Amino acid sequence: MKIFLRGLFRSFPIQLFLLHFKKFQVLLIFWFVLFSTVNGTFMKSFGADSLYLAPEYLGEVNALSAAFVGVAIGIFIMSWNITTFILFSRHFRFLATTSNPFLKYCINNGIIPLLFLGFYFNRAVKFAGIKELMTTSEITLLVGGFLGGLILIIAISFFYFFRADKTIIRRLTPVISNPQLFKAQFRRGEDKLTQSRLVKVEWYLNSLFTLKKVRDVSHYSREFVETIFNRHHFAAVLSIFVAFIFLIVMGFWLDDPLFQLPAACGITLFFSILIAVSGAFTYFMQSWSIPVLVLIFFVLNLLYRHNIIDPTNKAYGLNYDNKEQRPAYTRERLFELSSPERTAQDKEHMIRILDRWKARQDSKKPVMFIINTSGGGNRSATFTMNVMQCLDSLSNGELMRKTAFITGASGGMLGAAYFRELSRAKAAGAAIRLQDDKYVDDISGDLLNALFTSFVARDLASPAQKFNVDGYQYVKDRGYAFEQKLNQNTHGFLNKQLKDLNEDEVNARTPLMLFSSVITQDSRKMLISTQPMSYLMKPVYDTNKLAEIEPDAVDYQSMFAGQDPMNLRLLTALRMNATFPYVLPNVWLPTNPVIDVMDAGLRDNYGLETTIRYLQVFQTWIRENTSGVVLIQIRDRKIAGWEPFEASNITEIATKPVLLLQHNWYKMQEYSQNDLLCLSQQILGKHFYKLSFQYLPKKEDARAALNFHLTKSEKLDINEALFSANNQQSFQFFKELLKPRNNPPAK
């Protein structure tokens, strides 16, 4: 038994497995992330596991989509094998004397990949049945597709290395067959080649089922062994280079949905590139790695400062060309934009729009509806579409006519904007049934595949590709891919510019929609609309009793009046409103100094803060011209949820100060906005009502993920949330509000 255990411990697979933990542990981080993601631990609330366990391609989860993920996992495994083979080869020189040394290395290095594949299949089968509601035959096809893709890429890789081995042997044959030359490859005396101290190997797997004892290589010269390994290293690096060229070529075809691979492919390919680059860099640079990295970082900064490279994302439609005429982003400029004269002018302009809205209603003092929708990725977009369809049905198709103002954050605004554009198209004569389920399917469609594929193939690999909007050029990146995919999902209804919406909004034929985002430099809001809104740049206050208050928002129309602000694409405005950190690139705006913006949810995830200020500004007009304001709030989470942050282990205690803000971010917003809401109710009195529609999952641990991808079971869960007791009560009160009467009913 002792001999068996010693032999097992000294076997090549076990020694290799241990070597990964002794050397270059950073490469194991990628495996840890994959294991954690598939397990549903890493980024659990964002649904990262569904990207791997239920990959989607061309809108379907099937054998083909699984095959693509199998190919990506195969590339990752081969990239990891190639990289570690290059880094570790000096520790197992006996392989140089075997046939097909790289194949034998892969066989013996299979413990971690095999553990992952077994774990993956176990999780994937359960996930497909529970989350994707698949039958046994569909699950079998899914597994078969994954295995087919995995086996294909591994077979191609080994075929390449078999050919490389033959080339190496052919080149070394003249040396081996020549006694004088071959004799020179042996060492004598003190030059004897010794085994690595880190790896003590006695047995190795010569094939999948054959053990073989390690040969003594001490009689070979170091130069001879390293010659063999160096030629294998060259073949390995060449394979990585070919794969990188493939990504560059693919980047030129990404506008075609056929090349928009499952999001898991993009993520895994990104990991493969990182492993390959880090391994090759470490191997070739050796002790110079850190100095060279510092030099590269310095050069990149230098190129960026001199505008030779520009990785920043732009707002598509805005003029970035004339740098000398860019507006100043200064404190003085913001006070100028929010001056009493300008705000009075913009306020009068909005009152004229409100007068036109009132003229289109069916009573002298109508009820004004305002819609707020929360952030929350595709789950919020889907829930918002569901709620607005029901409200429109209950109002006999009059929801948009009765609504004056729509705002919110992130995913919710995607759903609201799509519904509004469908309503506009119907009013213009299009044959559209607004309650059709296909529109829910459209807005719930996957957006991550195109985004992550573009990140890998365009942002990291391909040279910059350009496209035009009204004569201005922009670079195609993952922001562009997101917009194009959203445009495809919504069949072109959102493919408009602000100038295309202006006439309907200014004449109150459609509700005014306000898109906001957060300026990262100072956390002010960027308020994007077809109309000037300088009156929302500051809170309403008495200048005779309070010192001057600084603007906490920026009116987009006023700030960029000289940069063709109405050229901005609606898709871009939506993306700026929904720029989740790192997933989508921050949008840089042409100011001096340059500023960038990100997700509106960072400051006002429910749109309530902006709405309350809007009501305060126009409170006099509202009291005189309406019988009340009904705030319809559509939320992707319950009100005042009880989810205390409890530390269950030492790690969580250590990370609690860092994660506490993230955990309570939405709650802090809600606490603050509840105060504002109560103040608004005091201002408007009985004329103010609030209806809340909340996405409440059947099971709290089965909540739809916060990302741009939903599983079938998540879509069903979101649809069924309409029938919760709270939402049914809100629908009932909405119907009461629609009945003709002098005053709204008491809730």
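Accessible areas here come from the Shrake-Rupley method with a 1.4 Å probe. Keep in mind that this is a predicted model.

Now go to cartoon view. The chain has 29 helices and 14 strands. Of its 747 residues, 54% are buried. Among contacts with a separation of 6 or more, 79% join residues 24 or more positions apart.

**Stop 1: the annotated segments.** Colour residues 64-90, 102-121, 141-162, 234-253, 259-281 and 288-304, which the unreviewed UniProt entry annotates as "transmembrane region". Zoom in on 102-121: this stretch is 90% helix and 0% strand, with its end C-alpha atoms 27 Å apart.

**Stop 2: helix H6.** Select residues 101-108. How many of the eight residues of helix H6 are buried? Six are, so the helix is largely enclosed by the rest of the structure.

**Stop 3: a nonpolar patch.** Next, pick Ile245, Val249, Phe252 and Trp253, which form a nonpolar surface patch with about 400 Å² of accessible area together. Ile245 sits in helix H10, residues 222-251. With a relative accessible area of 34%, Ile245 is partly exposed. While you're looking down the helix, recall that an α-helix has 3.6 residues a turn, so residues three or four places apart point the same way.

**Stop 4: Arg575.** Jump to helix H23, residues 570-577, and select Arg575. Is Arg575 buried or exposed? It counts as buried, because its relative accessibility is 0% and the cut-off for buried is under 20%. Look at the tip of things here: a polar atom of the Arg575 side chain lies 3.5 Å from the backbone oxygen of Lys314. Then bring up its other surroundings: beyond the neighbours within four places in sequence, Arg575 is in contact with residues including Asn313, Tyr316, Gly479, Phe482 and Glu483, as well as Leu584, Pro585 and Val587.

**Stop 5: Val583.** Step along to the loop between H23 and strand S11 (587-589), where you'll find Val583. This one is partly exposed, with a relative accessible area of 22%. Leaving out neighbours within four places in sequence, Val583 touches Leu448, Leu451 and Arg478. To finish, draw a C-alpha to C-alpha distance from Val583 to Phe708: the two are 125 residues apart in sequence and 9.9 Å apart in space.

Key: Residues are numbered from 1 along each chain as its sequence is written. This is a predicted model: local features need pLDDT of at least 70, side-chain atom pairs count only at pLDDT 80 or more; totals for chains, interfaces and linings use all residues. Side-chain values use heavy atoms; hydrogens and water are left out. Helices (H or I, at least four residues) and strands (E, at least two) are DSSP runs, numbered from the N terminus. Buried means under 20% relative accessible area, exposed over 50%, partly exposed in between (1.4 Å probe, protein chains only). A polar contact is a pair of N or O atoms within 3.5 Å; within protein, one must be able to donate a hydrogen and the other to accept it, and residues adjacent in sequence count only if both atoms are side-chain atoms. Contact means heavy atoms within 4.5 Å. Patches are made of residues with over 30% relative accessible area and no salt bridge: like charges are joined within 9 Å, nonpolar side chains (Val, Leu, Ile, Met, Phe, Trp, Tyr) within 5 Å. A salt bridge is a side-chain nitrogen of Lys or Arg within 4 Å of a carboxyl oxygen of Asp or Glu. UniProt positions are given in the numbering used here, feature names are shortened, and annotations may be inferred rather than shown by experiment.
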